Amino acid sequence: MGRQGTPLGIDVGGSGIKGAPVDLEQGRLAQKRLKIATPRPATPDAVAEVIDQIVDAFAEQTGDSPIGVTLPAVVIRGRVLSAANIDPSWVDTDAEALIKRHTGRAVTVLNDADAAGLAELHHGAAQGAHGLVILTTLGTGIGSALIHDGVLVPNSELGHLELDGYDAEKRAASSAKDREGLSWDAYVDRLQRYYSALEALFSPDLIVVGGGISRDADLFLPRLRLRAPIVPARLRNQAGIIGAAWRAVDLAVASG
Ligand code: BGC
(Lines give C-alpha, C1' and ligand atoms only; values in the text may rest on other atoms or scores of the structure.)
Protein backbone atom coordinates (compact mmCIF):
# COMPACT_ATOMS: atom_id res chain seq x y z
CA MET A 1 0.00 0.00 0.00
CA GLY A 2 1.32 3.43 -0.89
CA ARG A 3 1.24 6.37 1.46
CA GLN A 4 -0.99 9.22 0.33
CA GLY A 5 0.58 12.65 0.60
CA THR A 6 0.29 16.01 -1.07
CA PRO A 7 0.31 15.96 -4.89
CA LEU A 8 3.42 17.32 -6.57
CA GLY A 9 3.41 19.72 -9.53
CA ILE A 10 6.48 20.27 -11.71
CA ASP A 11 6.75 22.94 -14.40
CA VAL A 12 9.46 22.49 -17.04
CA GLY A 13 10.50 25.80 -18.60
CA GLY A 14 13.31 26.95 -20.84
CA SER A 15 15.43 28.34 -17.99
CA GLY A 16 14.22 26.53 -14.90
CA ILE A 17 12.43 23.39 -13.74
CA LYS A 18 10.25 24.26 -10.75
CA GLY A 19 8.30 22.02 -8.44
CA ALA A 20 6.37 22.03 -5.19
CA PRO A 21 3.71 20.06 -3.35
CA VAL A 22 0.33 21.70 -3.94
CA ASP A 23 -2.57 22.33 -1.60
CA LEU A 24 -5.40 21.81 -4.10
CA GLU A 25 -8.13 23.01 -1.77
CA GLN A 26 -6.51 26.37 -1.25
CA GLY A 27 -5.02 26.49 -4.74
CA ARG A 28 -1.54 27.33 -3.55
CA LEU A 29 1.85 25.80 -2.99
CA ALA A 30 1.96 23.76 0.20
CA GLN A 31 5.68 24.47 0.51
CA LYS A 32 8.28 26.79 -0.95
CA ARG A 33 9.03 25.67 -4.50
CA LEU A 34 12.36 24.22 -5.60
CA LYS A 35 13.85 25.57 -8.82
CA ILE A 36 16.73 23.88 -10.65
CA ALA A 37 18.29 25.28 -13.82
CA THR A 38 17.15 23.53 -16.98
CA PRO A 39 20.05 21.37 -18.21
CA ARG A 40 21.63 22.21 -21.56
CA PRO A 41 20.93 20.59 -23.88
CA ALA A 42 17.51 19.92 -22.35
CA THR A 43 17.25 16.37 -23.64
CA PRO A 44 14.53 14.09 -22.27
CA ASP A 45 16.91 12.09 -20.05
CA ALA A 46 18.65 15.17 -18.65
CA VAL A 47 15.31 16.82 -17.81
CA ALA A 48 13.93 13.62 -16.31
CA GLU A 49 16.96 13.47 -14.02
CA VAL A 50 16.25 16.95 -12.70
CA ILE A 51 12.59 16.00 -12.22
CA ASP A 52 13.78 13.02 -10.19
CA GLN A 53 15.82 15.33 -7.95
CA ILE A 54 12.73 17.46 -7.32
CA VAL A 55 10.63 14.36 -6.59
CA ASP A 56 13.29 13.20 -4.11
CA ALA A 57 13.44 16.59 -2.41
CA PHE A 58 9.74 16.44 -1.60
CA ALA A 59 9.46 12.68 -1.05
CA GLU A 60 8.45 13.05 2.58
CA GLN A 61 5.48 15.35 1.94
CA THR A 62 4.28 13.75 -1.27
CA GLY A 63 4.41 10.04 -0.35
CA ASP A 64 2.99 8.04 -3.24
CA SER A 65 0.66 10.73 -4.51
CA PRO A 66 0.46 11.53 -8.22
CA ILE A 67 2.90 13.80 -9.97
CA GLY A 68 1.93 16.26 -12.69
CA VAL A 69 4.57 17.59 -15.08
CA THR A 70 4.20 20.34 -17.68
CA LEU A 71 6.14 20.61 -20.94
CA PRO A 72 6.11 23.46 -23.47
CA ALA A 73 4.84 21.07 -26.13
CA VAL A 74 1.86 19.21 -27.52
CA VAL A 75 1.37 16.14 -25.32
CA ILE A 76 -1.12 13.42 -26.16
CA ARG A 77 -1.57 10.52 -23.76
CA GLY A 78 1.91 11.16 -22.39
CA ARG A 79 3.62 11.32 -25.77
CA VAL A 80 5.27 14.54 -26.97
CA LEU A 81 4.32 15.60 -30.49
CA SER A 82 5.97 19.00 -30.95
CA ALA A 83 9.04 20.93 -29.86
CA ALA A 84 8.69 24.62 -30.73
CA ASN A 85 10.72 25.92 -27.78
CA ILE A 86 12.34 22.78 -26.39
CA ASP A 87 15.00 20.34 -27.52
CA PRO A 88 13.87 18.61 -30.74
CA SER A 89 14.80 15.22 -29.30
CA TRP A 90 11.57 15.37 -27.24
CA VAL A 91 9.43 14.73 -30.31
CA ASP A 92 7.96 11.23 -30.14
CA THR A 93 9.20 10.65 -26.60
CA ASP A 94 6.77 8.90 -24.30
CA ALA A 95 7.36 11.46 -21.55
CA GLU A 96 5.14 9.74 -18.99
CA ALA A 97 6.95 6.40 -19.38
CA LEU A 98 10.36 8.13 -19.29
CA ILE A 99 9.66 10.13 -16.12
CA LYS A 100 8.07 7.12 -14.48
CA ARG A 101 11.25 5.16 -15.18
CA HIS A 102 13.39 7.88 -13.59
CA THR A 103 11.20 8.56 -10.56
CA GLY A 104 9.37 5.30 -9.95
CA ARG A 105 6.16 7.30 -9.54
CA ALA A 106 2.91 7.56 -11.49
CA VAL A 107 3.12 10.64 -13.70
CA THR A 108 0.78 12.77 -15.81
CA VAL A 109 2.37 15.04 -18.41
CA LEU A 110 0.52 17.94 -20.02
CA ASN A 111 1.12 21.11 -22.01
CA ASP A 112 2.37 24.05 -19.88
CA ALA A 113 -0.36 26.50 -20.96
CA ASP A 114 -3.07 23.88 -20.45
CA ALA A 115 -1.82 23.49 -16.87
CA ALA A 116 -1.87 27.25 -16.34
CA GLY A 117 -5.39 27.39 -17.75
CA LEU A 118 -6.64 24.72 -15.36
CA ALA A 119 -5.04 26.51 -12.40
CA GLU A 120 -6.60 29.86 -13.35
CA LEU A 121 -9.96 28.15 -13.87
CA HIS A 122 -10.00 26.52 -10.45
CA HIS A 123 -8.18 29.10 -8.37
CA GLY A 124 -7.42 32.25 -10.33
CA ALA A 125 -8.68 34.78 -12.84
CA ALA A 126 -11.14 32.40 -14.56
CA GLN A 127 -12.64 30.97 -11.39
CA GLY A 128 -16.32 30.13 -11.92
CA ALA A 129 -16.21 31.31 -15.55
CA HIS A 130 -18.80 29.85 -17.93
CA GLY A 131 -18.68 29.59 -21.68
CA LEU A 132 -15.37 29.78 -23.50
CA VAL A 133 -12.25 30.91 -21.68
CA ILE A 134 -9.00 31.31 -23.59
CA LEU A 135 -5.85 31.64 -21.53
CA THR A 136 -2.72 32.76 -23.32
CA THR A 137 0.76 32.92 -21.85
CA LEU A 138 3.11 35.52 -23.32
CA GLY A 139 6.72 34.42 -22.85
CA THR A 140 9.38 32.91 -25.09
CA GLY A 141 6.47 31.60 -27.14
CA ILE A 142 2.71 31.98 -26.81
CA GLY A 143 0.94 29.16 -25.07
CA SER A 144 -2.82 28.71 -25.02
CA ALA A 145 -5.52 26.86 -23.11
CA LEU A 146 -9.04 26.53 -24.44
CA ILE A 147 -11.61 25.78 -21.74
CA HIS A 148 -15.33 25.49 -22.36
CA ASP A 149 -17.73 25.31 -19.40
CA GLY A 150 -14.90 24.06 -17.23
CA VAL A 151 -13.71 21.39 -19.68
CA LEU A 152 -10.23 21.70 -21.16
CA VAL A 153 -9.78 21.07 -24.88
CA PRO A 154 -6.06 20.24 -24.71
CA ASN A 155 -3.19 21.21 -27.01
CA SER A 156 -4.86 24.18 -28.70
CA GLU A 157 -1.51 25.76 -29.79
CA LEU A 158 -3.01 29.17 -30.61
CA GLY A 159 0.45 30.73 -30.46
CA HIS A 160 1.04 29.28 -33.88
CA LEU A 161 -1.83 31.00 -35.67
CA GLU A 162 -0.59 32.81 -38.73
CA LEU A 163 -0.44 36.54 -38.12
CA ASP A 164 0.55 38.94 -40.93
CA GLY A 165 2.35 36.07 -42.63
CA TYR A 166 4.27 34.99 -39.51
CA ASP A 167 3.90 32.44 -36.77
CA ALA A 168 1.98 34.58 -34.24
CA GLU A 169 4.35 33.91 -31.34
CA LYS A 170 7.27 35.25 -33.37
CA ARG A 171 5.42 38.59 -33.53
CA ALA A 172 3.47 38.83 -30.30
CA ALA A 173 5.22 36.77 -27.59
CA SER A 174 6.95 38.94 -24.98
CA SER A 175 10.27 37.63 -26.36
CA ALA A 176 9.47 39.50 -29.61
CA LYS A 177 9.14 42.74 -27.64
CA ASP A 178 12.57 42.15 -26.06
CA ARG A 179 14.27 40.84 -29.20
CA GLU A 180 13.06 43.69 -31.40
CA GLY A 181 13.24 46.36 -28.68
CA LEU A 182 9.57 47.27 -29.27
CA SER A 183 8.04 50.21 -27.40
CA TRP A 184 4.84 49.51 -25.47
CA ASP A 185 2.90 51.31 -28.25
CA ALA A 186 4.36 49.05 -30.92
CA TYR A 187 3.85 45.94 -28.79
CA VAL A 188 0.25 46.88 -28.02
CA ASP A 189 -0.37 47.08 -31.80
CA ARG A 190 0.97 43.55 -32.20
CA LEU A 191 -1.17 42.28 -29.32
CA GLN A 192 -4.24 44.00 -30.72
CA ARG A 193 -3.76 42.16 -34.04
CA TYR A 194 -3.26 38.88 -32.24
CA TYR A 195 -6.19 39.08 -29.85
CA SER A 196 -8.50 40.46 -32.56
CA ALA A 197 -7.65 37.39 -34.65
CA LEU A 198 -8.37 35.10 -31.68
CA GLU A 199 -11.64 36.85 -31.04
CA ALA A 200 -12.72 36.64 -34.68
CA LEU A 201 -12.04 32.90 -34.74
CA PHE A 202 -13.32 31.79 -31.33
CA SER A 203 -15.63 34.46 -29.82
CA PRO A 204 -14.41 33.73 -26.29
CA ASP A 205 -16.32 34.95 -23.23
CA LEU A 206 -13.13 35.70 -21.32
CA ILE A 207 -9.45 36.03 -22.21
CA VAL A 208 -6.82 35.55 -19.50
CA VAL A 209 -3.24 36.69 -20.09
CA GLY A 210 -0.37 35.03 -18.21
CA GLY A 211 3.39 34.83 -18.56
CA GLY A 212 5.98 37.03 -16.86
CA ILE A 213 4.88 40.16 -18.72
CA SER A 214 1.42 39.96 -17.11
CA ARG A 215 3.08 41.61 -14.09
CA ASP A 216 2.93 44.78 -16.23
CA ALA A 217 -0.65 44.12 -17.36
CA ASP A 218 -1.70 47.69 -16.46
CA LEU A 219 0.59 48.96 -19.19
CA PHE A 220 -1.05 47.06 -22.03
CA LEU A 221 -4.27 45.19 -21.25
CA PRO A 222 -6.48 48.30 -20.73
CA ARG A 223 -5.35 49.56 -24.14
CA LEU A 224 -6.67 46.55 -26.08
CA ARG A 225 -10.04 46.99 -27.78
CA LEU A 226 -11.90 43.69 -27.69
CA ARG A 227 -15.45 42.48 -27.14
CA ALA A 228 -14.50 39.95 -24.46
CA PRO A 229 -13.06 41.04 -21.13
CA ILE A 230 -9.28 40.50 -21.08
CA VAL A 231 -7.71 40.13 -17.63
CA PRO A 232 -4.31 39.26 -16.17
CA ALA A 233 -3.69 35.78 -14.79
CA ARG A 234 -3.60 35.72 -11.00
CA LEU A 235 -1.41 32.76 -10.11
CA ARG A 236 1.64 34.10 -11.89
CA ASN A 237 4.59 31.74 -11.96
CA GLN A 238 2.81 29.18 -9.78
CA ALA A 239 0.05 28.43 -12.29
CA GLY A 240 1.97 25.65 -14.09
CA ILE A 241 2.84 23.84 -10.85
CA ILE A 242 -0.70 24.12 -9.46
CA GLY A 243 -2.36 23.09 -12.73
CA ALA A 244 -0.05 20.11 -13.19
CA ALA A 245 -0.84 18.79 -9.71
CA TRP A 246 -4.54 19.41 -10.32
CA ARG A 247 -4.53 17.41 -13.55
CA ALA A 248 -2.56 14.54 -12.03
CA VAL A 249 -5.06 14.17 -9.18
CA ASP A 250 -8.06 14.62 -11.48
CA LEU A 251 -6.89 11.82 -13.77
CA ALA A 252 -5.93 9.56 -10.85
CA VAL A 253 -9.46 9.95 -9.44
CA ALA A 254 -11.06 9.41 -12.86
CA SER A 255 -9.14 6.16 -13.42
CA GLY A 256 -10.01 4.92 -9.90
C1 BGC B 1 4.58 25.72 -27.85
C2 BGC B 1 3.44 25.43 -26.90
C3 BGC B 1 3.72 26.03 -25.54
C4 BGC B 1 4.06 27.51 -25.66
C5 BGC B 1 4.43 28.15 -24.33
C6 BGC B 1 4.82 27.22 -27.87
O7 BGC B 1 5.88 27.50 -28.73
O8 BGC B 1 4.27 25.28 -29.16
O9 BGC B 1 3.26 24.04 -26.79
O10 BGC B 1 2.59 25.89 -24.72
O11 BGC B 1 5.14 27.70 -26.56
O12 BGC B 1 5.52 27.52 -23.73
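In which sense do β1 and β5 pair, and over how many bridges? The two strands pair in the parallel sense over 4 bridges, where two strands are taken to pair if DSSP finds at least two bridges between them, and where helices (H or I, at least four residues) and strands (E, at least two) are DSSP runs numbered from the N terminus. The model is a predicted one, in which local features need pLDDT of at least 70 and side-chain atom pairs count only at pLDDT 80 or more, while totals for chains, interfaces and linings use all residues. Residues are numbered from 1 along each chain as its sequence is written, and side-chain values use heavy atoms, with hydrogens and water left out.

The protein as a whole contains 9 helices and 15 strands, and its C-alpha atoms fill a box of roughly 55 × 40 × 30 Å along the principal axes. Its radius of gyration is 18 Å, which agrees with the value near 18 Å that a compact globule of 256 residues would have; the radius is taken over C-alpha atoms, and the globule rule is 2.2 Å times the number of residues to the power 0.38. Buried residues make up 53% of the 256 residues, with buried meaning under 20% relative accessible area, exposed over 50% and partly exposed in between (1.4 Å probe, protein chains only). Among the contacts (heavy atoms within 4.5 Å) with a separation of 6 or more, 63% are accounted for by residues 24 or more positions apart.

Strand β2 (residues 16–23) has 7 of its 8 residues buried, so it is largely enclosed by the rest of the structure. Further partners of β2 follow the antiparallel sense as well: strand β4 (residues 34–37) is joined to it over 4 bridges, with Gly19 opposite Leu34, and strand β3 (residues 28–29) over 2 bridges, with Leu29 as the bridge partner of Val22. The hairpin of β2 and β3 has 4 residues between the strands, and in this hairpin Gly27 takes a positive phi near 70°.

On strand β5 (residues 67–71), 5 of the 5 residues are buried, so the strand is largely enclosed by the rest of the structure. In a regular strand the side chains alternate between the two faces of the sheet. Both faces of β5 are covered, with Ile67, Val69 and Leu71 buried on one side and Gly68 and Thr70 buried on the other. Strand β5 is also joined by 5 bridges to strand β8 (residues 107–111), which runs parallel to it, and here Thr70 stands opposite Leu110.

Another part of the structure holds an open sheet of 5 strands in the order β11-β10-β9-β14-β15, with mixed pairing. Strands β11 (151–153) and β15 (230–232) stand at the edges with a single partner strand each, so one side of each is left without a neighbour in the sheet. Neighbouring strands of this sheet are turned by 25° against each other on average, direction ignored, where axes are lines fitted to C-alpha atoms, for helices over the stretch in contact, and angles run from 0 to 180 degrees between N-to-C directions. Strand β14 (residues 206–210) and β15 run parallel and are joined by 3 bridges, with Pro232 in β15 as the bridge partner of Val209. Helix α7 (residues 184–202) lies across β9 (132–138), β10 (142–148), β14 and β15, and runs at about 150° to β9.

Ser214 lies in the loop between β14 and α8 (217–220) and is buried, with a relative accessible area of 2%. Ser214 and Gly139 are 75 residues apart in sequence and 9.6 Å apart in space, C-alpha to C-alpha.
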